[in-house]
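Hi,

Here is the structure we talked about handing over. Please open it first; my notes follow below.

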Amino acid sequence: MLLILGITAAIAVLFVRLVGEKLKGYSILLVPTLTVMFPGMIGYLILPHVKYGAGLIGDGVLFLTNLQPIIMGALLAEASV
């Protein structure tokens with residue numbers, strides 16, 4: 001969940017930097033509304049894909065932690081590189 005929040009926040013920052021200067025006098029009115037709508041919608045659309053990928057990583061770690069301790073330690077150390 002934190003990953004999707006980070007991605008959405010990064011998209012929002014990029015959106016504000018790109019659009020904020022172009023709206024000039026209306027920026028105080030439109031930037032908050034547009035920032036919630038567009039980056040929020042992008043974050044909502046990519047949520048299932050990020051959730052699926054995080055689930056795959058979790059399944060892999062679960063599999064590795066069910067192995068014998070020496071094998072598990074070696075494989076987890078290799079995976080973290």
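I start with the helix packing. Helices α1 and α2 pack at an angle of about 145°, and their axes are 9 Å apart. The crossing of α1 past α2 is right-handed. On the α1 side, the contact is made by L3, I4, I7, T8, I11, A12, F15 and V16. On the α2 side, the contributors are V31, L34, T35, F38, P39, G40, I42, G43, I46, L47 and V50. Keep in mind that this is a predicted model.

Next, the aromatic rings. The structure holds 1 aromatic pair. Its partners are F15 and F38. The ring centres are 5.9 Å apart, with 45° between the planes, and the pair is classed as tilted. F15 sits in helix α1 (residues 2-19) and F38 in helix α2 (residues 27-65), so the pair ties together parts that are 23 residues apart in sequence.

Buried or exposed: how does F15 count? F15 counts as buried because its relative accessibility is 18%, and the cut-off for buried is under 20%. F38 has 44% relative accessibility and therefore counts as partly exposed.

Now the overall fold. The protein has 3 helices and 0 strands. Along the sequence the pattern reads α-α-α. The radius of gyration is 20 Å, whereas a compact globule of 81 residues would come near 12 Å. The C-alpha trace spans about 65 × 20 × 10 Å along its principal axes.

Burial and surface come next. Of the 81 residues, 14% count as buried. The accessible surface is about 6500 Å². Carbon and sulfur atoms hold 76% of that surface. For contacts with a separation of 6 or more, 45% are between residues 24 or more positions apart.

Two more residues are worth a look in the viewer. Where is K24 found? K24 is in the loop between α1 and α2. K24 has a relative accessible area of 66%, so this residue is exposed. K24 and D59 are 35 residues apart along the chain, and their C-alpha atoms are separated by 49 Å.

The other is H49, which lies in helix α2. H49 counts as exposed because its relative accessibility is 60%, and the cut-off for exposed is over 50%. H49 and I4 are 45 residues apart along the chain, and the distance between their C-alpha atoms is 9.8 Å.

Best regards

Conventions
Residues numbered from 1 in each chain as written. Predicted model: local features only at pLDDT ≥ 70, side-chain atom pairs only at ≥ 80, totals over all residues. Heavy atoms only, no water. Helix = DSSP H or I, 4+ residues; strand = E, 2+ residues; numbered from the N terminus. Rg over C-alpha atoms; globule rule 2.2 N^0.38 Å. Buried < 20%, exposed > 50% of the residue type's maximum accessible area, 1.4 Å probe, protein only. Contact = heavy atoms within 4.5 Å. Areas by Shrake-Rupley, 256 points an atom, 1.4 Å probe, with all protein chains shown as cover. Phe/Tyr/Trp six-rings, centres within 6.5 Å; stacked < 30°, edge-to-face > 60°. Axes fitted to C-alpha atoms, helices over the stretch in contact; angles between N-to-C directions. Left-handed = near helix turned anticlockwise from the far one by under 90°.
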